[in-house]
Amino acid sequence: MFRYIVRRLLQMVLTFFGATFIVYALMFANQDDPIQALAGEKPITANVRQALTERYHLNEPFIVQYWYYMKGLLTGNFGISLTGRKISTMMETAWPITIRLALIAMVMVAVVALVAGVISGIRRGSIFDNVTLVVTLVILSLPIIVLAPLCQLIFGIKLGWFPPTAGAHPTFWALLLPAMVLGSLVLATELRVTRASVAENLRSDYVRTARAKGLSRQRVIGVHVLRNSLIPVVTLIGVDIGGLMSGAIVTEGVFNIPGVGFNLFRGIRTEDGPLVVGFVSILVIVFLVVNLLVDLLYAALDPRIRYE
């Protein structure tokens, strides 16, 4: 296990440098006028041009510019946005909001997907199973860029059940509707995977053996079937984190939530390279760490799995 963790950490380091290099290159390399790209559509004076050149080492080769950026990133210096604010300060404000939003979404998804998936897997072909499959199909067919404003219009403006926008300091109630919208990205997939996994495990030999020993139906399903059915569901968690972060760009933009997605959306729209690269670098770290934790959970769920 120790060797596996060390090997994965080394892979994570290489992946992190590779991902950040690609993002940095996309934002800053091969620009006809990188200074104008940094400033967007704003007119640039000679003093501003000189200041930007010195700040981002634009008179150096590209690989040297990337080295200076990584040196600052690894020491906690994320640079300064084109708006003049420290990116680290913006992260301190944005990350807690996005983490709360993602946690609410994941809890809702876990509860609904597990409960509905287990019931559908046990009662395949029932009315509940058929309705669940139709609902998940509808959810999968609606992109979040359509679903988010639609839910905001219906439940936030027309019916008034939820606040249409969250504001600078969103409460739990203000984040509930955006969390539902965000969770819909992964709900349908996790529910279908849970259903298929439960149905497959119910036909396994160990389930027939457990029933032959006289174990109750609740114990067979709750202890044996459910535990083994969680393995493919847990596999999706790492992918789901990436989906939630990408979906948060649209969701936070629609509901005016000042989180990570909102700042990324604003940075991409205004071509704020330092802001985009800084936030994406942290997202890469989060994605890599979550995937490592998910892999380690396999051994806890299934004792047969051993890492060398």
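1. Let's start with Arg-85, which sits in the loop between α4 (62-74) and α5. Helices here are DSSP runs of H or I with at least four residues, strands are E runs of at least two, and both are numbered from the N terminus. Arg-85 counts as partly exposed because its relative accessibility is 41%; the cut-offs are under 20% relative accessible area for buried and over 50% for exposed, with partly exposed in between (1.4 Å probe, protein chains only). Arg-85 and Leu-275 are 190 residues apart in sequence, yet their C-alpha atoms are 9.7 Å apart in space.

2. A word on the model before going on. This is a predicted model, in which local features need pLDDT of at least 70 and side-chain atom pairs count only at pLDDT 80 or more, while totals for chains, interfaces and linings use all residues. Residues are numbered from 1 along each chain as its sequence is written, and side-chain values use heavy atoms, with hydrogens and water left out.

3. Overall make-up: the protein has 12 helices and 0 strands, so the pattern along the sequence reads α-α-α-α-α-α-α-α-α-α-α-α. Of its 308 residues, 42% count as buried.

4. On to helix packing, starting with α5 and α8. Their axes come within 5 Å and cross at roughly 30 degrees; axes are lines fitted to C-alpha atoms, for helices over the stretch in contact, and angles run from 0 to 180 degrees between N-to-C directions. α5 and α8 are therefore roughly parallel to each other (under 35 degrees is roughly parallel, over 145 roughly antiparallel, 65 to 115 roughly perpendicular, and the rest oblique). The contact of α5 with α8 has 24 nonpolar, 5 polar and 3 charged residues. For these classes, Ala, Val, Leu, Ile, Met, Phe, Trp, Tyr, Cys and Pro are nonpolar, Asp, Glu, Lys and Arg are charged, and the others, Gly among them, are polar.

5. Two other pairs to look at. The axes of α5 and α6 come within 8 Å and cross at roughly 130 degrees, which makes α5 oblique to α6; that crossing is left-handed. For α7 and α8, the axes come within 10 Å at a crossing angle of roughly 150 degrees, so these two are roughly antiparallel. α7 passes α8 in a right-handed crossing.

6. Now the second largest pocket, with a volume of about 310 Å³. A pocket is an open set of points on a 1 Å grid over the protein atoms alone, where a 1.4 Å probe fits, with protein on both sides within 12 Å along at least five of seven lines; lining residues have an atom within 4 Å of a point. The volume is the space filled by probe spheres set on the points, which are joined across faces, edges and corners. Of the 17 lining residues, Ile-139, Met-180, Val-181, Ser-184 and Leu-187 are the closest to the centre. Two or more lining residues come from each of α5 (87-122), α6 (127-141), α7 (144-158) and α8 (172-202), with α8 giving the most, at 7 residues. By class, the lining has 15 nonpolar, 2 polar and no charged residues.

7. Most residues other than glycine have a negative phi. Asn-256 is not a glycine, but has a positive phi of about 55 degrees. Asn-256 lies in the loop between α10 (217-254) and α11 (260-269) and is partly exposed, at 37% relative accessible area.

Terms used: A crossing is left-handed if the near helix is turned anticlockwise from the far one by less than a right angle, and right-handed if clockwise.
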